[in-house]
Amino acid sequence: MNADALQQKFDAQIDNETSIEPRDWMPDDYRKTLVRQISQHAHSEIVGMLPEGNWITRAPTLRRKAVLLAKVQDEAGHGLYLYSAAETLGITRDQMYDQLHSGKAKYSSIFNYPTLTWADMGAIGWLVDGAAIMNQVPLCRTSFGPYARAMVRVCKEESFHQRQGFEIMLTLSKGTAVQKKMAQDALNRWWWPALMMFGPTDDHSPHTARSIRWRIKRFTNDELRQKFIDVTVEQAKVLGLTVPDPDLKWNEARGHYDFGPINWQEFYEVIAGNGPCNKERLDARRKAWERGQWVRDAALAYAQKRQARQAAKKEAA
């Protein structure tokens, strides 16, 4: 089959909502876009363990410790699912790790902000995981089969993470004046970075149009951001907290909330590696990789020894 015929078959699969599988022919740009997006998603899950991991031992109750520990474990699992999906596209896990550790590959900008109080665990679950769900649920219908299938379980678990965060915020907001102030402070600090999670505006997003055409994405950055705002502002009312946006108001004509300008200069600074915790996050990942070398070496040595034993048994038989 010539190149034109292969392209026509691929286009037909996309138009007919037929999943693209690893052994199917696909354009190089489609493959590259998927590798970039899925590996970035996987890196975000792994780096995302860091802001919460240091609160496990400081959580206020045993129940909170157990729940937070389970959440961080879930995020590690999500990263593994996604690395596995990316590997079906021909990139190795070691290559993806190298891209992360060298700074070549990106991860979500939100994880370069510090977690200063216990309320931040609530804000991350409510806002950050809430934004992730808004972005990821449509990915259960993304055109690349392994990615879509991985996202089904990821989204189910993320929904629990979001509820856990909202519960923390609700408990704090109904507590003492100091606790409610702590919750409000966390909302103030995490609101705008959460809006930035959806990426730049559609007119400044270099990948959105093609990703929509290929059904990798189902909604644009601005559509998802607006949906998140509309839902989350109503949740903030339940909490009795104030969204830190003086321009926020309901627009009856549009049927959506209008909101103030996002500081995109801050977003691009963080993406460029100049956020509050960029260096800390990458250093932690590099150290973990280096300290885990003996485990990888031991696993490889065991696999080689086992393979040699099996080969010897076959020869003896």
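Among the elements of the protein chain, which has the lowest mean pLDDT and which the highest? After that, please take a close look at helix H10 (residues 221-239).

Modeller: This is a predicted model, where local features need pLDDT of at least 70, side-chain atom pairs count only at pLDDT 80 or more, and totals for chains, interfaces and linings use all residues. Residues are numbered from 1 along each chain as its sequence is written, and side-chain values use heavy atoms, leaving out hydrogens and water.

H9 has the lowest mean pLDDT (91) and H8 the highest (98); pLDDT is the predictor's confidence in each residue, from 0 to 100.

Now H10. Helices (H or I, at least four residues) and strands (E, at least two) are DSSP runs, numbered from the N terminus.

Buried residues of H10 include Leu-224, Phe-228, Thr-232 and Ala-236, buried being under 20% relative accessible area (1.4 Å probe, protein chains only). Their cover includes H6, H7, H8, H9, strand S2 and H11.

Take H6 (residues 119-136): its axis comes within 10 Å of H10's, crossing at roughly 145°. Axes are lines fitted to C-alpha atoms over the stretch in contact, with angles from 0 to 180 degrees between N-to-C directions. Trp-126 and Met-134 of H6 and Phe-228 and Val-231 of H10 are among the contact residues, contact meaning heavy atoms within 4.5 Å.

Just after H10, Gly-240 takes a positive phi of about 75°.

How values were computed:
Buried < 20%, exposed > 50% of the residue type's maximum accessible area, 1.4 Å probe, protein only.
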